[in-house]
Amino acid sequence: MTDTEIFLAAYDEQMRGAPPTPPAGVTYEKDGPLLRIVGQFRGFVSGPRELGVDGDALDGLIASQRDFFAARGEAVEWKTRGHDTPADLTERLRAAGFLPEDRETVLIGRAADMAVHEPVLPDGVTLRRVTADADLRRVAAMESTVWGEDRSRLADDLIGRVATAPDEIAIYVAEADGEVVSAAWLAFRAGSAFASLWGGSTFAEWRGRGIYRAPVATRAALAAARGVTYLHVDASDDSAPILRRLGFEAVTTATPYVWNPPRTA
């Protein structure tokens, strides 16, 4: 098998189920072949590579997820991957009112290979691990500015994860003159060979100067020291080329399909 085939097989086996410890107020549920996560800013649904249902039965399964969250007055994300079956899953999601968000590239690399890269930051920029609520709210404020939308909910999510399972997440900020200019975190997945890289958003004026790559190396070293075999990233079109140059392999794509409850007058 090629590395890509090995990585994809491990991903399908170990990364499609429930994450380790849910934050306070979040629950994991099963509905047939699906994992359903309740209690986040919007619902989340994911399934195995092969759902094992099609046709009318699949339409019913999709409708039941939509209706479950509609009764709660919440949006729901159904995460699809490019190699999922049945092949018409996304068509049926669209027919049920789910709309695609930006497609991401699923990248995987060996933690030990990524840990050999030396973190190099530009002059005047420092990288440190943070856990304090105030720092995590600064991370959310930076993300809100970068993306031009309110991401204050991210602070609550990170604070909840640190409070519930501090050994399962490592959050880093890059700072210049006391300002957070980039942030990234590493999520461990207990019982698997994986850890995931998240974040990496950076202010536009600080891009192209190594600030994205340095936390990758730092997190890879931490993961390798903890015995993690694989690093996983759902990468944007901006991040994917950087990660591929570092040695990550593209194994598939991931596209969120989102249903939003109708707006009320």
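Trainee: Let's start right after H2. Which residue follows it, and what's its phi like?

Mentor: Glycine 73 follows H2, and its phi is positive, near 70°. Keep in mind that this is a predicted model.

Trainee: Okay, and H2 itself? How many residues does it have, and how far does it reach?

Mentor: H2 covers residues 55–72, so to speak 18 residues. From first C-alpha to last it reaches 27 Å, close to the 26 Å expected at 1.5 Å a residue.

Trainee: Which of its residues are buried?

Mentor: Gly55, Leu58, Leu61, Ile62, Ala63, Gln65 and Phe69 are the buried residues of H2.

Trainee: Switching topic: how do H5 and H6 sit against each other?

Mentor: The axes of H5 (residues 133–147) and H6 (residues 152–164) come within 8 Å and cross at roughly 145°. The crossing is right-handed.

Trainee: Which residues meet there?

Mentor: On the H5 side you'll find Asp133, Leu136, Arg137, Val139, Ala140, Glu143 and Ser144. They meet Ser152, Leu154, Ala155, Asp156, Leu158, Ile159 and Val162 in H6. By class, that contact has 8 nonpolar, 2 polar and 4 charged residues.

Trainee: What about the largest nonpolar core? Which members touch the most others?

Mentor: That core has 23 residues, and Leu136, Val139, Leu158, Ile171, Val181, Trp185 and Trp206 touch the most other members. The elements giving it two or more residues are strand E7 (125–130), H5, H6, strand E8 (169–176) and strand E9 (179–188).

Trainee: Tell me about tryptophan 206. What is it in contact with?

Mentor: Leaving aside neighbours within four places in sequence, tryptophan 206 is in contact with Val125, Ala176, Val181 and Ile211. Another core, of 22 residues, lies apart from the largest one, and Val216, Ala240, Leu243 and Leu246 are among its members.

Trainee: Last one: threonine 105. Is it buried or exposed?

Mentor: Threonine 105 counts as buried because its relative accessibility is 17%, and the cut-off for buried is under 20%. You'll find threonine 105 in strand E6 (residues 104–110).

Conventions:
Residues numbered from 1 in each chain as written. Predicted model: local features only at pLDDT ≥ 70, side-chain atom pairs only at ≥ 80, totals over all residues. Heavy atoms only, no water. Helix = DSSP H or I, 4+ residues; strand = E, 2+ residues; numbered from the N terminus. Expected span 1.5 Å × (residues − 1). Buried < 20%, exposed > 50% of the residue type's maximum accessible area, 1.4 Å probe, protein only. Axes fitted to C-alpha atoms, helices over the stretch in contact; angles between N-to-C directions. Left-handed = near helix turned anticlockwise from the far one by under 90°. Contact = heavy atoms within 4.5 Å. Nonpolar A, V, L, I, M, F, W, Y, C, P; charged D, E, K, R; others polar. Core = buried A, V, L, I, M, F, W, Y, C linked by side-chain atoms within 4.5 Å.
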